[in-house]
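Please have the structure open while you read.

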Amino acid sequence: MSEQHDDIIEAEFNGKPVEEEAGGLILATEVLPAGLPIVPLRPRPAFPNMLIPLAVNEPGQVQAVKRAAESPSRALGLVLVKEPDAPDGPGNLHGVGVVGKIVKVLHTDEESTHVLINTLERFTVEEVSEAGGGLFARVRYQYSTELSVNPELKAYSMAVLATLKELIQINPLYSEELKLFLSRSSLDDPGRLADFAAHLTSADGQELQQVLESFDVRRRIDMVLVLLKKELEVSRLQTKITKQIEEKISAQQREFFLREQLKAIKKELGLEKEGKAAEIEKFEERLKGLKLNDEAERAVTEEIEKLRLLEPASPEYHVSRSYLDWLTVLPWGKFSRDSYNLEKARRILDRDHFGLDDVKERILEFIAVGKMKGDISGSILCLVGPPGVGKTSVGKSIADALGRTFYRFSLGGMRDEAEIKGHRRTYIGAMPGKFLQAMKSAGTANPVLMLDEIDKVGASFQGDPASALLEVLDPEQNAAFRDHYLDVPFDLSNVLFVATANQLDTIPAPLLDRMEVIRLSGYILEEKLEIARRYLIPKALKNHGLKPRQVTIRKEALAALIDGWAREAGVRTLENRIRKLMRKAAREFASGRTEPLAVGRKDLPGLLGQPPFATEELFEAAPGVVTGLAWTSLGGATLPIEATAVPSRNKGFRQTGQLGNVMVESSEIAYSYVMAHLKEYGAPEDFFDTRFVHLHVPAGATPKDGPSAGVTMATALISMMRGKPVRAKLGMTGELTLTGRVLPIGGVKEKTIAARRAGLKVLVFPEGNRTDFADLPDYLKEGLEVHFAREYKDVYKVAFGKK
């Protein structure tokens, strides 16, 4: 002990100086010194009359314990710190602590000390200082006195004991603490009972420090009783939670044991094999009906051997199992038998579709080639046409005619190359691409796969799916198509691929080169009438719960419906309008109507609203207005072109109507050609010098572009210049050069259908399209007066008559 504190260590015995104690000499071990080495405690204080272990590893605390162990009294002060996170120091100690005697040194070295301490009495700290690297304090002891047990204290003591009994029932661990206390103390001492009860609770350090600082026994036992009640509630809640968890675990364990017993019983009876063995047997059973190529067979064998060595709990087990599942579920060597019966194929095509004779002929030719050749492998068809013309249903009919399974998936919006060729197995959640998934669903190695919306394949940072399609759709490569997931070749050469598209412009040229294009141009009024009568109306009646004779649509009403409300190339809008009529009828019958309903032409505006195509006749028979014929991705369309001239000091030319670059160039060529031939077409040579010419293509909100409007624009300018309209019901198409030549265009069939829908009777096509028009079905050419122009003079003669 340091010299500066030698003068303050005055021993006391039972609260009096040693030299005043009667009886002479006293044992040094029974003396409590007035100054004590202090050990700061965290996170709870110590209470008197307890036997507690103490482990310290802070240098200052180790020095304090060693100093106390070497002193005659072996006394040590234990004081709770105010802030557990703050360093030890005189200012971080509470004012009340407990003195204890070191009973036994369990372990000691330079860095740590473990001792067993018997706590004795409370003390108040009078002065604290730092000495020899540790804390030292002058203290004043607060000796507990014997109290006469009055009824109030007895009642408090009984309440504490009753609460302790409840705690012991909930948590048997408290019973050992109570036995130890009873062996060293008496229940008749309420102060000791209160200290013991506080020591048992799990209250925080500050609450326990308040109990320690309470020298009044009645107040102390009252505080302890509150802490015990809180402890009792916490113990009850803990017991409830523990019970719930144990019940849940017991149920799971019971289910686990029952399942294990059931598995063992089934195994003994031979009813079921172990999971891994059953999986391997399932894969081997699948392989019996398959004809794998050599590389695939080696991969399956190696993977099965690998699976035998893996534990089912291993992550690699599930990867290997999924890989084997895909390898063995694909239709290796499974083929459906093709039917090359042309009469049957014709009946199926006629049953499912009306019109489309050229398409049906092409499909029958395709099947006939397969019959002569013995197979139709390596064939890739591309059905191109506007929406609603029956591209998907034609693909289904091809599959029915051949007797093959049919599977369809859409390529529209696909941006990831892995959708085509699969993901590598190194990725979590990896799976094969769409083509192998389709083969699995089809169940045969020679299905009809429909690749819908092939013109809408996208591209992104994840790859270009269109480029990945090149391998799939190339007959020279797809016999050994290698998916990234399987990583073994799979034969796709026996698959009949049928792609659909609305237009060919967005399909990459290398991909388009691998496909044979079949165009579905659209339907005319007569074809739509038959389609509605044979297919759409019966289907709509059935879907709306109506009987065939409950609702009838008269022929003239159906024709007016097609002409005024559904003038597009396909029949999707027509089908929607018929559905709307059926919904109106269903409401009538649901409201109590019993008589059959017949829809006439005059009923249509009231049921469907005003027809959206009723204004087209306004563009006919006016100077400067000429009807052109255009092709769009939605089919053919009529395109009226208007021209007018405004008096001006300077000449000028302007185009409106959201024209694309090609149409703007066509208008400038037409303007230059007409200016160069003013006298030839009956106008003064200075006509454009004093006029500003405006060319407009309605409707202004719709973007337009294309190379076939030159002759129409030139004719509109000449009509405006002459002040005379062109022939009635005239439509024309063709590109114009500066020298007056008329160049051929595309989409002859679509434009002819559009002209028939609009009621045009006289058509002008370029001379280069004469053979294209001659190839059209007779029902399309019937009733039309068609002229073919090699130069613009030929167009002029038709539009205005000879000079």
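1. Strand β10 (residues 380-384) and β16 run parallel and are joined by 4 bridges; two strands are taken to pair if DSSP finds at least two bridges between them. Helices (H or I, at least four residues) and strands (E, at least two) are DSSP runs, numbered from the N terminus.

2. A word on the ground rules: this is a predicted model, in which local features need pLDDT of at least 70 and side-chain atom pairs count only at pLDDT 80 or more, while totals for chains, interfaces and linings use all residues. Residues are numbered from 1 along each chain as its sequence is written, and side-chain values use heavy atoms, with hydrogens and water left out.

3. Now widen the view from that pair to its sheet. Five strands form an open sheet in the order β11-β12-β15-β10-β16, with parallel pairing. At the edges are β11 (406-410) and β16 (516-519), each of which pairs on one side only. From one strand to the next the twist averages 20°; axes are lines fitted to C-alpha atoms, for helices over the stretch in contact, and angles run from 0 to 180 degrees between N-to-C directions. Helix α11 (residues 357-373) packs on this sheet and touches β10, β15 and β16. The direction of α11 makes about 150° with that of β16. Contact here means heavy atoms within 4.5 Å.

4. For the chain as a whole, there are 26 helices and 27 strands. Buried residues make up 45% of the 803 residues, where buried means under 20% relative accessible area, exposed over 50% and partly exposed in between (1.4 Å probe, protein chains only). Of the contacts with a separation of 6 or more, 74% are between residues 24 or more positions apart. The chain exposes about 41,100 Å², and carbon and sulfur atoms supply 52% of that area; accessible areas come from the Shrake-Rupley method with a 1.4 Å probe, and for residues only the protein chains shown count as cover.

5. Strand β4 (residues 35-41) deserves a look. Because 7 of its 7 residues are buried, β4 is largely enclosed by the rest of the structure. In a regular strand the side chains alternate between the two faces of the sheet. Here both faces are covered, with Gly35, Pro37, Val39 and Leu41 buried on one side and Leu36, Ile38 and Pro40 buried on the other. As for neighbours, β4 pairs in the antiparallel sense with strand β9 (residues 134-142) over 4 bridges, and Gly35 has Arg138 of β9 as its bridge partner. Strand β6 (residues 75-80) runs parallel to β4 and is joined to it by 4 bridges; in β6, Val79 is the bridge partner of Pro40.

6. Which helix is largely enclosed by the rest of the structure? Helix α23 (residues 748-758) is, because 10 of its 11 residues are buried. Gly759 follows α23 and has a positive phi, near 85°.

7. On to the aromatic residues. Rings of Phe, Tyr and Trp (its six-membered ring) pair if their centres lie within 6.5 Å; planes under 30 degrees apart count as stacked, over 60 as edge-to-face and the rest as tilted. By this rule the count comes to 18 aromatic pairs. Phe435 and Phe497 form an edge-to-face pair, 6.0 Å centre to centre with 70° between the planes. This pair links distant parts of the chain, with Phe435 in helix α14 (residues 434-442) and Phe497 in strand β15 (residues 496-501), 62 residues apart. Phe435 is buried at 0% relative accessible area, and Phe497 is buried at 1%.

8. A tilted pair is formed by Tyr796 and Phe800, 5.2 Å centre to centre with 40° between the planes. These two are separated by about one helical turn, because they are 4 residues apart in helix α26 (residues 792-800). Tyr796 and Phe800 also belong to one aromatic cluster with Tyr673, Tyr681 and Tyr792.
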